[in-house]
Amino acid sequence: MNLSKTEAAIEAVLFAMGNAVEVDKLAAAIGHDVDTTRKIVHNMMDKYEDENRGIQIIELENSYQMCTKTNYYDQLIKVASTPTKYVLTDALLENLSIIAYKQPITRMEIEKIRGVGCGHAINKLLEYGLVKELGRLDAPGRPVLFGTTQEFLRAFGVHSIEELPVISEEVVEQFKNEAMLEVQAGDLEEQEHEQMTLSI
């Protein structure tokens, strides 16, 4: 199979699959080794980037996916359903950051870092597809281990978690302080509610 046909085969597989395809599966499909396949795909990525095309190939860890370029979003939503947009509050971002940097991590470990409960935040992150369950820790109670997803990589524009910037201890302390403010604000709101109830 010559190069143009090999590229066409890769294009067909990525287009048909829709989701990200692991490089070893892609290599098996075109009959090449992984390193050669990766070089061919990267060459295709450069060509898509240079040419005036509406699609691109992105790399997510050891996988590749074909998708539309973000600058054609306005045209896309005119013929497709408007995609669901999720809103990441500061609390959600903090929980997501902890999971991204500490994964695999349990809910108890997250709560130990932030100092507050994180059940609601984790459920939201699971709902948004940014976080997934990786399995269970071999410990009493077998707590669930959480980690980030490919959707997380897509959303934040990185190929792998190794590309995330280094997080400092100062940022971790900031998370803790902000979490304490959340608790204090919640306590204050609860007290005000109780006072209103008593006055009624």
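Leaving aside its neighbours within four places in sequence, with which residues is Ser63 in contact?

## Ser63 in strand β3

Ser63 is in contact with Ala20, Val21, Glu22, Val23, Ile58 and Gln150, when its neighbours within four places in sequence are left aside; contact means heavy atoms within 4.5 Å. The residue belongs to strand β3, which spans residues 63-68. With a relative accessible area of 5%, Ser63 is buried (buried is under 20% relative accessible area, exposed over 50% and partly exposed in between, with a 1.4 Å probe and protein chains only).

## Basis of the model

The structure is a predicted model, in which local features need pLDDT of at least 70 and side-chain atom pairs count only at pLDDT 80 or more, whereas totals for chains, interfaces and linings use all residues. Residues are numbered from 1 along each chain as its sequence is written, and side-chain values use heavy atoms, with hydrogens and water left out.

## Overall architecture

The chain has nine helices and six strands; these are DSSP runs numbered from the N terminus, with helices being H or I of at least four residues and strands E of at least two. Of its 200 residues, 30% count as buried. Among contacts between residues at least 6 apart in sequence, 47% join residues at least 24 apart.

The chain exposes about 13,000 Å², of which carbon and sulfur atoms supply 54% (Shrake-Rupley method, 1.4 Å probe).

## Helix α7

Helix α7 (residues 119-128) has Gly119, Ala121, Ile122 and Leu125 as buried residues. They lie on the same side of α7 because they cover an arc of only 165° around the axis, the arc being that of the directions from the helix axis to the C-beta atoms. The buried residues of α7 pack against α5 (90-102), α6 (107-114), β5 (131-136) and β6 (144-148).

On the face of α7 turned away from the buried side are the exposed residues His120, Asn123 and Glu127.

A pocket is an open set of points on a 1 Å grid over the protein atoms alone, where a 1.4 Å probe fits, with protein on both sides within 12 Å along at least five of seven lines; lining residues have an atom within 4 Å of a point.

Eleven residues line this pocket, and Ser97, Tyr101, Phe152, Phe156 and Leu164 lie nearest its centre. Helices α5 and α8 (150-156) each supply at least two lining residues, and α5 gives the largest share, five residues.
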